[in-house]
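User: Hi! Could you take a close look at one part of this model for me, and walk me through what lies around it?

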Amino acid sequence: MHRFVRLQLMLRDAKHPVLPTAGQLCLHHKPVATCVRGYVVLPPTNDEEEKAMLHRMMRVDHAGEYGANRIYAGQMAVLGRTQISPLIQEMWDQEKQHLSKFNEILAENRVRPTLLLPLWNIVGFALGAGSALLGKEGAMACTVAVEESISEHYNSQIRTLMEKDPDKYTELLQLIKEFRDDELEHHDTGLEHDAESVPGYQLMKLIIQAGCKAAIYVSERL
């Protein structure tokens, strides 16, 4: 009798699956209202100059999150069966949320993504896999370098929006600040997991960050 009732319940749940609550969709128990907002992030623009500025920002932010996803994919391809893989996967999952939000913003506002996405697909994966071949320390060193560059880029955007009209850009500022904080958390996680112990750390960091700056520059424009 108990088995029959249990089977009925299973069939009922299969027809009416229980969806995750808003707060279950995000890491670290963040509610969706905080980590992936449902409102329109970009405000109406006054002129073509403002529209172009916002489109450049969203284009490069999307490209950065896309590249970060490919880096973590490369790291997991090499280190996916090691003890460090759950940590890398956790950071990757946050980057997936960031990318999903920027995909949504680009679609809602008809923002063209950078033409260089196919290149960042290859380069990002190669960087992630290459750094992971040096061990977890190499992967963490790559994470520190990339996340520091991205957080500095977000800080630059925050300053620009604050100088122009913080009230008008309230939602966009909240989003960028939140994603910036996630990147800083990843940066600190890398340092806590021996990023600086990889041979040639400073040179590796310098080269990766030079590449990040170049990628930011061209992704805004192409």
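Analyst: Happy to. On a 1 Å grid over the protein atoms alone, a cavity is a set of points where a 1.4 Å probe fits but cannot get out, and lining residues have an atom within 4 Å of a point. This is a predicted model, where local features need pLDDT of at least 70, side-chain atom pairs count only at pLDDT 80 or more, and totals for chains, interfaces and linings use all residues. Residues are numbered from 1 along each chain as its sequence is written, and side-chain values use heavy atoms, with hydrogens and water left out.

The second largest cavity is lined by A68, I71, Y72, T143, V146 and E147. Two or more of these lining residues come from each of α3 (48–79) and α6 (136–164); helices are DSSP runs of H or I with at least four residues, numbered from the N terminus.

Helix α8 spans residues 201–221 and reaches 31 Å from its first C-alpha to its last, close to the 30 Å expected at 1.5 Å a residue (1.5 Å times one less than its number of residues). Its buried residues (under 20% relative accessible area, 1.4 Å probe, protein chains only) include Y201, M204, I208 and C212. Seen down the axis of α8, the buried residues fall within an arc of 120°, so they line one face of the helix; the arc is that of the directions from the helix axis to the C-beta atoms. The face turned away carries Q202, L203, L206, I207 and K213, which are exposed, meaning over 50%.

Notes. 1 Å grid on protein atoms, 1.4 Å probe; cavity = no way out; pocket = protein on both sides within 12 Å on 5 of 7 lines; lining within 4 Å.
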